[in-house]
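Let us walk through this structure one region at a time. Keep the sequence and the 3D view side by side as you read.

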Amino acid sequence: MSWSIGLLALPAVVFFLVFNYLPMAGLVVAFKQFDVNLGIFGSPWNGLENFAYFLESGDAARILFNTLFLNVLFLGATLAAGMILAIMLNEIRSTFFKRVSQSVVFFPYFVSPVVISIILQVLLAGASGGGGAVNDALGGLGFPTVDWYTEPGPWPWILTVVKVWQLGGYLSVIFLAAITGIPEEVYEAGMIDGASRAQMAWRITLPLLKPTAAVLLVLGVGRIFYGDFGTIYAIVGDNGTLFDSTDVIDTYVFRALRQLGDFGTTAAVGLFQSVVGFILVLIAVLIQRKYSKETSIL
Amino acid sequence: MSRKKLEPFTVVSIVGVSLALLACAIPFWMIISGSFTSESQLATTGYSLFPVSFDLTAYKMIFTGPAVLDAYFASVFITVVGTALSLAVTSGLSWVIARRLPGISRPLTVFAYLPMLFSGGLVPLYLLVTQYLNLQNSYFSVILPLLVMPFLVFVQVSAFRQLPESIFESAKIDGAGELRIFFTIAIPLSKPILAVVGLFYAVHYWNDWFMALLFIDDVHKFPLPLVLQNLISNISFTQMLPQLAEAATPVYQLRLALTAVSIGPILLAYPFAQRYFVKGITLGATKG
């Protein structure tokens with residue numbers, strides 16, 4: 001075998017070592033009283049104090065709950081939306097209409113979370129702060145308007161709508177590809193039995209999409225402890241009045257890092273996040289393996 | 001499949017898809033329409049689907065000052081250089097994995113897959129980039145942490161594996177080395193998948209604002225999304241824009257105009273890109 005093939009993989013190996021594996025070693029910061037001047041490995045140990053500090057801070061319960069709650073909402077809603085959208089797109093016979101709608105619903109996937117944040121401002125706040133298109137509509141229909149950016153209550157749902165809007169089209173492409181893979185005979189058999197289009201969608205397409213959904217679910221569960229920082233922080237930012245319902249592990253870590261400069265505690269939170277996330281992935285993969293071996297991702 | 005009459009479910013689907021289509025199109029239309037509406041109009045009458053009075057103040061501010069051009073340069077640099085590097089590194093790794101070399105390919109797969117499951121988190125990465133690599137305020141602080149996306153490695157591996165093995169065998173018999181096979185046969189045959197993977201990376205880099213937020217403090221080096229974010233969270237950035245004689249800075253209109261400017265390139269590339277994206281996702285979905 002030729003040694004030269006190693007050269008091709010070398011840059012990637014260096015990348016993974018430096019940017020993925022080295023930071024894993026850097027997690028020892030979680031057990032240290034970090035001092036910038038002494039560096040990661042020179043700083044003194046302080047045992048589990050960073051973890052204790054985080055757990056006793058009173059923030060822990062809130063951000064852990066928010067992280068799990070929001071991610072479960074996001075995962076369920078986006079998968080359901082992608083599946084429903086794909087089934088509906090599949091019903092459309094006009095190729096032109098189908099192609100146009102597919103392109104348009106896919107588009108939000110391509111824009112930066114910051115752009116999504118601006119769109120939300122247009123809808124919920126407007127130029128004057130208390131306006132926005134949604135309030136204009138509410139007012140027009142005789143409902144009271146809402147000062148959205150000071151009300152933490154509706155935000156889990158607003159963020160869920162944002163995630164569905166952002167990812168629904170993307171996921172529908174995956175599901176549509178899976179639908180294309182369903183053999184035509186299955187539908188013909190359904191037609192002979194006199195099934196309506198709705199019955200075929202419900203009894204044939206939906207069950208056959210389960211394996212695809214399972215794979216996406218496992219991948220999603222692996223990320224469940226990561227709060228989709230980019231989107232949430234772009235939208236909520238440092239707006240403290242919304243933290244009650246929107247502050248997740250990632251935004252917390254980022255704030256603590258930026259504002260408090262407390263490396264030890266934030267690294268402890270990060271380590272906690274990675275370990276729990278890892279355990280969740282393993283559980284999800286094992287469960288999925290048990291039920292459908294052929295679609296397992298590991 | 002021919003059908004005589006429309007079934008209820010088909011009607012529901014057409015309505016449902018139409019609603020989804022509108023929900024995805026209207027917000028962008030509002031942004032563009034709003035960016036041509038004067039600040040005072042926006043503040044008093046709110047939004048309308050068509051600009052009542054055509055107003056170019058915000059665009060004049062954007063295109064007469066260096067600030068937005070700087071941001072455009074930063075975004076283009078990060079996207080172009082980043083995508084080129086990412087593609088090169090990802091292709092090399094994917095090829096070695098795709099060749100199924102005993103004792104090499106399997107460990108490499110695990111090596112590339114593990115970071116998807118377990119990561120060091122933000123703090124060690126932050127310390128690495130700022131304390132050890134000293135990349136703050138360099139565009140490479142945005143490029144390097146995003147260099148390889150494991151998901152795309154697997155997309156590319158499965159594409160490489162679809163190339164006919166016999167070509168490589170015969171090249172080997174003719175005395176070609178592994179590097180030569182890679183550069184003169186595999187890469188030219190893989191242009192479509194390179195386009196797919198390159199597009200994924202390009203969108204990723206163009207839209208990134210998190211790495212820039214972490215590592216870039218110099219306003220002159222902000223990429224577009226970060227400029228936008230700054231316009232949302234504080235108005236200090238507007239001071240960098242040339243002041244027009246008339247009135248106060250139209251902060252709000254400016255945000256919309258800048259948003260329109262930042263999605264412009266995506267909008268232009270989209271008809272071309274979308275086709276490839278669908279190909280990429282479906283390749284990735286059929287497992288690596």
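Start at Asp59(A). With a relative accessibility of 24%, Asp59(A) counts as partly exposed. The terms work like this: buried means under 20% relative accessible area, exposed means over 50%, and partly exposed lies in between (1.4 Å probe, protein chains only).

This is a predicted model, in which local features need pLDDT of at least 70, side-chain atom pairs count only at pLDDT 80 or more, and totals for chains, interfaces and linings use all residues. Residues are numbered from 1 along each chain as its sequence is written, chains are lettered from A and ligands numbered from 1 in the order in which they are written, and side-chain values use heavy atoms, with hydrogens and water left out.

Now look at charge. Side chains of opposite charge can pair when their charged atoms come close. A salt bridge here is a side-chain nitrogen of Lys or Arg within 4 Å of a carboxyl oxygen of Asp or Glu. By this rule, there are eight salt bridges over all chains.

One of them joins Asp59(A) to Arg62(A), at 3.8 Å from N to O. Arg62(A) is partly exposed, at 23% relative accessibility. Arg62(A) also forms a salt bridge with Asp247(A), at 3.1 Å from N to O. Arg62(A) sits in helix H4 (residues 60-91) of chain A, while Asp247(A) lies in the loop between helix H13 (243-246) and helix H14 (249-260), so this pair ties together parts that are 185 residues apart in sequence. Helices are DSSP runs (H or I, at least four residues), numbered from the N terminus.

Is Asp247(A) buried or exposed? Asp247(A) is buried, because its relative accessibility is 0%. Asp247(A) has another partner, Arg255(A), in a salt bridge of 2.9 Å from N to O. Arg255(A) is buried too, with a relative accessible area of 13%. Shared partners join Asp59(A), Arg62(A), Asp247(A) and Arg255(A) into one network.

Move to chain B. Ser75(B) belongs to helix H4 (residues 66-98) of that chain. Ser75(B) counts as buried, because its relative accessibility is 3%. What does Ser75(B) touch? Leaving aside residues up to four places away in sequence, Ser75(B) touches Trp206(B), Pro223(B), Leu224(B) and Pro225(B). Contact means heavy atoms within 4.5 Å.

Next comes the surface. A nonpolar patch there has about 930 Å² of accessible area together, and its members include Leu6(B), Val11(B), Leu19(B), Trp29(B) and Phe50(B). Patches take residues with over 30% relative accessible area and no salt bridge; nonpolar side chains (Val, Leu, Ile, Met, Phe, Trp, Tyr) are joined within 5 Å, like charges within 9 Å. Accessible areas come from the Shrake-Rupley method with a 1.4 Å probe; for residues, only the protein chains shown count as cover. Leu19(B) is in helix H1 (residues 8-35) of chain B. Leu19(B) is exposed, at 54% relative accessibility.

Finish with the backbone. Most residues other than glycine have a negative phi. Arg100(B) is not a glycine, yet has a positive phi of about 50°. Arg100(B) is found in the loop between H4 and helix H5 (105-117) of chain B. Arg100(B) is exposed, with a relative accessible area of 58%. Asn137(B), not a glycine, has a positive phi of about 60°. Asn137(B) lies in the loop between helix H6 (122-132) and helix H7 (140-143) of chain B. Asn137(B) is partly exposed, at 24% relative accessibility.

Conventions:
Helix = DSSP H or I, 4+ residues; strand = E, 2+ residues; numbered from the N terminus.
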